[in-house]
Amino acid sequence: MIHLQELEPSRENLEKIAALYIACFNVPEKGENWTEDSAYQYFLDRKAENTIFAALEDSEGISAVCCGGDYALSFISKELDFKPENAAYISLLAIKDTLRGQGMGTKILDTFCEILKAKSFTNAIIRCRSDNIPMLKVLEKSGFNVIKEYISELGGVTCERSVLLKALD
């Protein structure tokens, strides 16, 4: 059992989340170019969407984070042409590289979906790069199914993204 705890979106917590985000996404295979300022602003924008932030912390700080909130309030709802009822958009699942490959992604995602369900969401939507096979496997294992693929830009990179949906019943 993991202890994923909700975090207040304070400046300090958002800076910690942004640092993990940079570590996970500013890697050669992703080609993204996040700075401390741009990543912090990204999460400040998520805070404005009433995002729920949850993290796994260890002695070194935040080792994993998952966040999301009301799909209708999210930036992605403006990009996509469907409007599912009572859905949450999971905007991030990031795990420190030393914890990957141990089933942590599935455990964190499942726990976060329970948090969303407790907040009365009935569906969860997430997107990821279509070439991120390890993440797609985590999502599939957690019960998500691809419902759409499209091209979009984030972090200075334009690529194909898969949108996945899971019923939270």
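Predicted model: local features only at pLDDT ≥ 70, side-chain atom pairs only at ≥ 80, totals over all residues.
Helix α2 comprises residues 36-48, and its 13 residues reach 18 Å from the first C-alpha to the last, close to the 18 Å expected at 1.5 Å a residue. Its buried residues are Ala-39, Tyr-40, Tyr-42, Phe-43 and Arg-46, and because they cover an arc of only 155° around the axis, they lie on the same side of α2. An α-helix has 3.6 residues a turn, so residues three or four places apart point the same way. The face of α2 turned away from that buried side carries the exposed residues Asp-37 and Ala-48. Just after the helix, Asn-50 takes a positive phi of about 60°.

Strand β3 is mostly covered, with nine of its 10 residues buried, and it pairs with β2 as well as with β4. The two pairings are set out below.

| Strand pair | Bridges | Direction | Residues paired |
|---|---|---|---|
| β2 (residues 52-58) and β3 | seven | antiparallel | Glu-57 and Ile-62 |

Elsewhere in the chain, Ser-130 sits in the loop between β5 (123-129) and α5 (133-141). The relative accessible area of Ser-130 is 17%, which means that this residue is counted as buried, the limit being under 20%. Leaving aside residues up to four places away in sequence, Ser-130 touches Leu-136, Glu-149, Glu-160, Arg-161 and Ser-162, and with the side chain of Ser-162 its own side chain makes a polar contact at 2.9 Å.

Note on methods. Residues numbered from 1 in each chain as written. Heavy atoms only, no water. Helix = DSSP H or I, 4+ residues; strand = E, 2+ residues; numbered from the N terminus. Buried < 20%, exposed > 50% of the residue type's maximum accessible area, 1.4 Å probe, protein only. Polar contact = N/O pair within 3.5 Å; in protein donor to acceptor, adjacent residues only side chain to side chain. Contact = heavy atoms within 4.5 Å. Expected span 1.5 Å × (residues − 1). Arc of directions from axis to C-beta. Pairing = 2+ DSSP bridges.
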